[in-house]
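These are my notebook entries on one structure. I set down what I looked up, topic by topic.

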Amino acid sequence: MTVATETPAPTPRAPKRRTVRDVVFVEGVRTPFGKARPDGLYAETRADDLMVKVVRELLRRHPELPPERIDEVAIAATTQQGDQGLTLGRTVGVLAGLPQSVPGFAIDRMCAGAMTAVTTTAAGIATGTADITIAGGVEHMGRHPMGFDADVNPRFVSERLVDAQALNMGVTAENLHDKFPHLTKERADAYAVDSQAKYAKALANGDVGPELVPVAIRSAELGWGLATADELPRPSTTAEGIKDLKTPFRPGGRVTAGNASPLTDGATGCVLAAGDVAEELGLPVRMRMVSSAFAGVAPEIMGFGPVPATDRALAHAGLTIDDIGLFEINEAFAVQVLSFLDHYGIADDDPRVNPYGGAIAVGHPLASSGVRLMTQLARQFEQHPEVRYGITTMCVGLGQGGTVIWENPHHADYSGHTSADGEN
Amino acid sequence: MTDTSARAERVTHALVRDVALPGGAGTLALITLDNGLDHTKPNTFGPQGMAELLTTLEGVRERAAAGELAAVAVTGKPYFLAAGADLLGVAQVTSYDEALELGRMGHRAYSVLGDLREQTGVPTFAFVNGLALGGGLEVALNCDYRTVASDAAALGLPETGLGLVPGWGGAYLVPRLVGIEKAVDVLLARPAAQKPYKPAEALEIGLVDALFEAADFLEQSIAWAAKVVAGQVEVPRRELDPQPVWDAVVAATRQRLDATIHGSRPAPYRALDLLAAARTATRDEAFGAEDVALADLIMTDEMRASVYAFGLVSGGKKPAGAPDPKIARPVTRVGIVGAGLMAAQIALLFAQRLQVPVVMRDLDQERVDKGLGFVRDTVTKLVSRGRMSQDVAARIVASVHGTTDIQDFASCDFVIEAVTEVMGLKKKVFAELEGIVTPETILATNTSALSITEMARDLQHPERVVGIHFFNPVAQMPLVEVVHAEKTSPEALATAFAVTKKLRKTAVLAADRPGFVVNRLLILVMGKVVESIENGTAAEVADTALSPLGFPMPTFELFDLVGPAVGLHVLTSLREDLGERIPVSKGLEKIVAEGTKVVLDGPKGLPKPVNPAVQDAFGPARPGEPGVLDADGVLDSVRTALATEIGLMLDEGVVAGPEQIDLCMILGAGWGFHTGGITPYLDRTGYSERVLGRRFLPDGVANVPAGTRVG
């Protein structure tokens, strides 16, 4: 005889079909950027240690974020060997003291590494496979010169897939000058001088600084020190001063150390979260990701990559370039920024572009630069509630560009993000 | 010509660099101590390094006075703040004035850190990034504030264990920071137990003010310093303990010292004297007293013997006489004959450290189960105390197999026997094994008293037999005697050394002579004490007659630990092999036969008194009668016997030299650093020359050389 019980039989959990969620930018920080030379700040500091300091600072700034809630750590580097090898996202997580349960991986799209770490893990957040991620990048160019030890397939050259010179980034910048003769060396130099000046002003105003993580640096000769400020900017740069610099990529060329980003060591990182999770944990929402895109161009003019990438990202978002109120564009080379601005009919000195200066002043530690752009845009959003949309964009070696469009949560018409009760 | 045998000072440099304190709190002058060498060579301080530090600090003081600095901090090269004074340098001091200057130079430099805030308003910090011992910790103690990294290997003031006192401010500063009671732990108890502080412990008692995780220790320390400078963080300091508390702790400590080390070495007493005076002395008086105590002690034989002993036990040295490690055979499966207590302890150690399968075999299942039970219970205990992970425990338990079938040894490449100490039985075991294992399999024996040459004599392959003598308790005792029998091959010997190295034991090569090293001397000493009682000395008097040597415990407590039956067995077998100079004792035989407990229980940590029943076993004492020794007489007879026996051992080639004897006695019997093991003590008391007509060690190696002005 069977007796009917009051307790219902356990039912299998209803299979849940998740809706797409909004991804928000919670916090971005970086190390001071150092000169990638034997006398640079980080000459005796490991790349992975730079990244560890960044991850720990992110957690320190957000005690409300339980570390075990982090679902992924994606860390980019262009040259993944030595102290940038061994699956950075995992090694850095362990070294930073994240719980063992937090997974991690390494990622590479050359200069857009950290940007790709953001877009890739953001995709996971949007589709519900992660709630919170850490995305970032590190490049110790002093220890790992770009392309070092790479074994380039001879077919690139034998089948003329890519001009052999296209692997030299400086040469691709000269190519852009060729392609757009009206983007002259004088304009490039003027842009570069402006970048230095804008950086200096931002530093003086405290717009650069709050995002920096001090890093203890050891020197066998000098003892321990502390890196607290960017090492590379030359605030007193004048057009006259850089006019006659050498053109190392071509005799009589236009690209010089004055109008290009210097070789740099540094690391960046950010916390991304689903909108509803940020709300649940009380995490600040500094930006909402609107759309992103990567696009390829001829490797010989890789600096033009941001244009097709931005076109795509705008199309994804249903926006036009006129909707964008702030631009954070990576300054690998002045001419590459100019080609972007020129394409969209934006003035060389448009105040919406790189208000804190750019990589020409602060430096460009390849795979880490993407998150620097985002961190700066987030701060500008706070200062400009009248701006609704901004973009972060950069060119990538071997002919790519990447763009991420962000919405300003401080704007009056902010569209909102997925909230804890499932509402937008 | 100058003597170039003395090592030049490894100079620790004091590098200084400006750091911007966060939050605009000003400039921190950050001093890094760095000898420029790799992590195997810690920072240490000698005269040149200390002079350099002083110069650096004076420069910093000038800048502080000029208002350029908001703070000063000291840290070290990776993994080390500093390991203290350069001991080898200290032991080479040849005059009292030089010794006095050693203390003064430290105070001169460190006092700049201690005085800076009062003189200029600029606070000083120590960021203890790694190991900080002795003078290394005292750098930090002289600063106003201290942080420590979570991975700092050790913090402590081990000086009293090395015949010194903390003489660069430690004796005065520690009781003020942590209170007199904890200061006694820091200066005396921990050094005696050779147990420095872990960072969390140091924080708990107040030796340091803040602990930061290693991953960004320096950054967080600097940020913390900025908060201290800005007044956002306040570090409370304790009041001085009241005088009665201070006096009571000092008095109780003095009693305890008398009860445990009986004046056998001066350093702990000098440290206690400094602590006693530290409450009321001015800082200058206290530092002056430290200088004098340090100088006095540097010029003692006890201190020189301690440095010699420290050098012997400091790891990483290749054992004297060991063959090329490359010819050692691989050990992939270990057999253990027997499953008794010794066998089970050995099985556990092999499974734990060699990480290979271990087969333990005994005659019946009950004994086998008991042996396996020991292994299981021990790892369970270690897991419950947090000393071993579950997974490691599971691996160990799974890798130790029990059997009653000797055939299970067939695939072992290394078999060690730990069966009852009966020659016939051991020979039978080895003969049986030879029919089962391959000709290359190493056969080791853990015998403590039998001839290994004899044990191997009838084998087809006697060259594979080697002695590996463990001490009880196997897990704790750091020494193993590796014994070379007549036919032992270099391969077998190399394998034995390789195995003991993996077991993390210190191996000493000994010839196959009765009792090898430790038992021969230890049992001889016990035999001489018992002999004196046999001849009429009161048991109570004889038991403590050796206290001037500062042994770890009185003779009968040692008997109790070893087991009187075992002691008697070894004594008897030594007498059979070595002759009548090894005493015989009817009284001891009676004690063993009747199972008399030889000591009474006493308070933990204090010596146990001899049981009056022991006297009964020997018959009444006859103090004062002719031929009956008093305490001094017993001590004299023991010293004489030791000098005689060690002379014979060296003649017999039991070990390569007196250093190996000393190493064995320190690690195998716990004899003190202040005796240098034993030969420095016999040299400095004149017994080696009196008995043998020669010293064991050259003058000056482990003593203050003759002709040195010591006061």
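I take two strands as paired if DSSP finds at least two bridges between them. The model is predicted, and I read every entry below with that in mind.

**Entry 1: a parallel sheet in chain B.** I applied the pairing criterion to β4(B) and strand β6 (residues 131-133) of chain B, which pair in the parallel sense over 2 bridges. Within this pairing I found Phe80(B) opposite Leu131(B) in β6(B). I then traced the sheet as a whole: it is open, has 3 strands in the order β4-β6-β8 (chain B), and its pairing is parallel. The edges are β4 (80-82) and β8 (155-156) of chain B; each has a single partner strand, so one side of each lacks a neighbour in the sheet.

**Entry 2: strand β16 of chain B.** I asked which strands pair with β16(B) and in what sense. Strand β15 (residues 465-470) of chain B is joined to β16(B) by 4 bridges, and the two run antiparallel. Here Ile468(B) stands opposite Val482(B). Strand β17 (residues 506-511) of chain B pairs with β16(B) in the parallel sense over 6 bridges. On that side I noted Ala507(B) in β17(B) as the bridge partner of Val480(B).

I next looked up burial. Strand β16 (residues 479-484) of chain B is mostly covered, with 6 of its 6 residues buried. In a regular strand the side chains alternate between the two faces of the sheet. In β16(B), Leu479(B), Glu481(B) and Val483(B) point one way, while Val480(B), Val482(B) and His484(B) point the other way.

**Entry 3: chain B overall.** I counted 28 helices and 17 strands in chain B. For its 711 residues a compact globule would have a radius of gyration near 27 Å, and the 28 Å of chain B agrees with this. The C-alpha trace of chain B spans about 85 × 65 × 55 Å along its principal axes. Of the residues of chain B, 53% count as buried. Among contacts in chain B between residues at least 6 apart in sequence, I note that 74% join residues at least 24 apart.

**Entry 4: the largest nonpolar core.** This core holds 364 residues, of which Leu275(B) and Ala347(B) touch the most other members. Helix α19 (residues 518-534) of chain B gives the most to it, with 10 residues. I listed the contacts of Leu275(B) beyond four places in sequence; among them are Ala171(B), Pro175(B), Ile180(B) and Val250(B).

**Entry 5: where chain B meets chain A.** I found 17 residues of chain B in contact with 16 residues of chain A. On the side of chain B, the elements giving two or more residues are β1 (13-20), β2 (27-34) and α8 (217-229). The largest share, 5 residues, comes from β1(B). This side of chain B divides into 9 nonpolar, 3 polar and 5 charged residues.

**Entry 6: two places in chain A.** Ile132(A) lies in strand β5 (residues 132-140) of chain A. With 24 other C-beta atoms within 10 Å, Ile132(A) is buried. Leaving aside neighbours within four places in sequence, its contacts include Leu65(A), Arg69(A), Asp71(A) and Val271(A).

I last checked helix α1 (residues 47-61) of chain A. Its 15 residues should span 21 Å at 1.5 Å a residue, and its end C-alpha atoms are 22 Å apart, which agrees. Of these 15 residues of α1(A), 12 are buried, so the helix is largely enclosed by the rest of the structure. The buried residues of α1(A) include Asp48(A), Lys53(A), Arg56(A) and Glu57(A).

Note on methods: Residues are numbered from 1 along each chain as its sequence is written. Chains are lettered from A and ligands numbered from 1 in the order in which they are written. This is a predicted model: local features need pLDDT of at least 70, side-chain atom pairs count only at pLDDT 80 or more; totals for chains, interfaces and linings use all residues. A nonpolar core is a set of buried Ala, Val, Leu, Ile, Met, Phe, Trp, Tyr and Cys residues joined through C-beta atoms within 7 Å. A residue is buried if 20 or more other C-beta atoms lie within 10 Å of its own, exposed if 12 or fewer, and partly exposed in between; C-beta atoms are placed from the backbone. Two residues are in contact if their C-beta atoms, placed from the backbone, lie within 7 Å. The radius of gyration is taken over C-alpha atoms; the globule rule is 2.2 Å times the number of residues to the power 0.38. Ala, Val, Leu, Ile, Met, Phe, Trp, Tyr, Cys and Pro count as nonpolar, Asp, Glu, Lys and Arg as charged, and the others, Gly among them, as polar. The expected span of a helix is 1.5 Å times one less than its number of residues.
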